[in-house]
Amino acid sequence: MIYTVTLNPSIDYIVEVEDLRLGGLNRMKRDLKLPGGKGINVSRVLNQLEVQNKAIGFLGGFTGRYIEEWLRKESISSDFVFVSDDTRINIKLKHGEETEINGAGPVIRDMEAEALLQKMAVLNAGDVVILSGSVPPSLGADFYDKLISVCKQRGAEFVIDTTGSALKKALPYQPLLVKPNHHELAELFGVTIQTKEEIITYGRKLLEAGAKHVLVSMAGEGALFITEQGVYHANAPKGAVKNSVGAGDSMIAGFVGTFSLTGDLMEAFRAGVASGSATAFSDDLADRAFIEQLRPLINISEV
């Protein structure tokens, strides 16, 4: 089983305004409400790929029920802990460029946090847990450490998609995959990265620190896949970028879902790039038909 963990989900309220006037009245050209949160995005794309998975984390209030109902309609299995406070709403304001206004998220109480840890007690060897996104401040900076500890105790693999110190602290526990983009990789090491060779150098440092596989997305330049066996590059297919939200989550879903089904790292890499690209070219997350349309266009070469 693949489990996705979203500690701080949201409703993403996408608002398009043609001519934004600060301090004045603005009318929406278009708006859209979608379930948000990196783990939830991964679950939705895994579901498109027909890979069995379960979404867990924290939901609360009318916003949490909205997300739960959306996942139910998409036939996605979930087992969230319901908390006292409302799940947050994030605003994605599109007016030529995109401006994001993200909520802080609910306060998670000790008994609610413990309830999530108890839900993870069902993990078995061979399961994969995908840990994605931000941690509500009330949980403390070490909550991912607690989740990783449960994974290791139960013999489950884990993937972590976060940044900064939380990612660094996870590396010695040998995550199956880490997926920084090239900007996040540079920030992680406090450097400026300008070339593919520099990406490879710092990507290998993540391997040396404990990661089993490193996937670095480079927007229009494609992606690099760094393993102990070698370094591989995949091109990015051509298309009009519509959606910057969820492309990285879709890449993780394509990779982990395909790897869980086939055990083939190169096909997993190809599916990851196809899934991420399909979401970037869509208004919402990618659907299976579009992913399959792009998959043959992904060419992989050893660097």
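# Briefing: isoleucine 101 and beyond

Let's start with isoleucine 101, which counts as partly exposed at 48% relative accessibility (buried means under 20% relative accessible area, exposed over 50%, and partly exposed in between, with a 1.4 Å probe and protein chains only). What you have here is a predicted model, where local features need pLDDT of at least 70, side-chain atom pairs count only at pLDDT 80 or more, and totals for chains, interfaces and linings use all residues. Residues are numbered from 1 along each chain as its sequence is written, and side-chain values use heavy atoms, with hydrogens and water left out.

**The surface around isoleucine 101**

- You'll find isoleucine 101 in strand 8 (residues 97-101); helices (H or I, at least four residues) and strands (E, at least two) are DSSP runs, numbered from the N terminus.

**What the record says**

- UniProt, in an unreviewed entry, lists residues 11-280 as "domain: Carbohydrate kinase PfkB"; its positions are given in the numbering used here, feature names are shortened, and annotations may be inferred rather than shown by experiment.
- That span, residues 11-280, is 40% helix and 23% strand, and its end C-alpha atoms lie 19 Å apart.

- Helix 7 (residues 196-209) has 14 residues and reaches 20 Å from its first C-alpha to its last, close to the 20 Å expected at 1.5 Å a residue; the expected span is 1.5 Å times one less than the number of residues.
- The buried residues in helix 7 are Ile199, Ile200, Tyr202, Gly203, Leu206 and Leu207.
- Those buried residues pack against strand 11 (177-178), helix 6 (182-189), strand 12 (214-217), strand 13 (223-226) and strand 14 (231-234).
- After helix 7 comes glycine 210, with a positive phi near 140°.

**Salt bridges**

- The whole structure holds 17 salt bridges, each one a side-chain nitrogen of Lys or Arg within 4 Å of a carboxyl oxygen of Asp or Glu.
- Lysine 29 pairs with glutamate 18, with the closest N and O atoms 3.5 Å apart; both sit in the loop between strand 2 (10-16) and strand 3 (30-36), 11 residues apart.
- Lysine 29 is exposed, at 53% relative accessible area, and glutamate 18 is exposed as well, at 65%.
- Aspartate 85 and arginine 109 meet in another salt bridge (3.8 Å, N to O). Aspartate 85 lies in the loop between strand 6 (81-83) and strand 7 (88-95) and arginine 109 in the loop between strand 8 and helix 3 (110-119), so the pair ties together parts 24 residues apart in sequence.
- Aspartate 85 is partly exposed at 24%, and arginine 109 is partly exposed at 36%.
- Lysine 92 bonds with glutamate 100 in a salt bridge at 2.6 Å between the closest N and O atoms. Lysine 92 is buried at 5% relative accessibility, while glutamate 100 is partly exposed at 43%.
- Shared partners join the salt bridges of Glu16, Glu18, Lys29 and Arg30 into one network.

**A buried leucine**

- Leucine 147 is part of helix 4 (residues 143-154) and is buried, with a relative accessible area of 0%.
- Neighbours within four places in sequence aside, leucine 147 is in contact with Val5, Leu7, Leu117, Met120 and Leu131, where contact means heavy atoms within 4.5 Å.
- Glycine 222 is 75 residues from leucine 147 along the chain, and their C-alpha atoms are separated by 31 Å.

- Most residues other than glycine have a negative phi.
- Serine 75 has a positive phi, near 60°; it sits in the loop between helix 2 (61-73) and strand 5 (77-78) and counts as exposed at 61% relative accessibility.
- Glutamine 174 also has a positive phi near 60°; its place is in the loop between helix 5 (164-170) and strand 11, and it counts as partly exposed at 42%.
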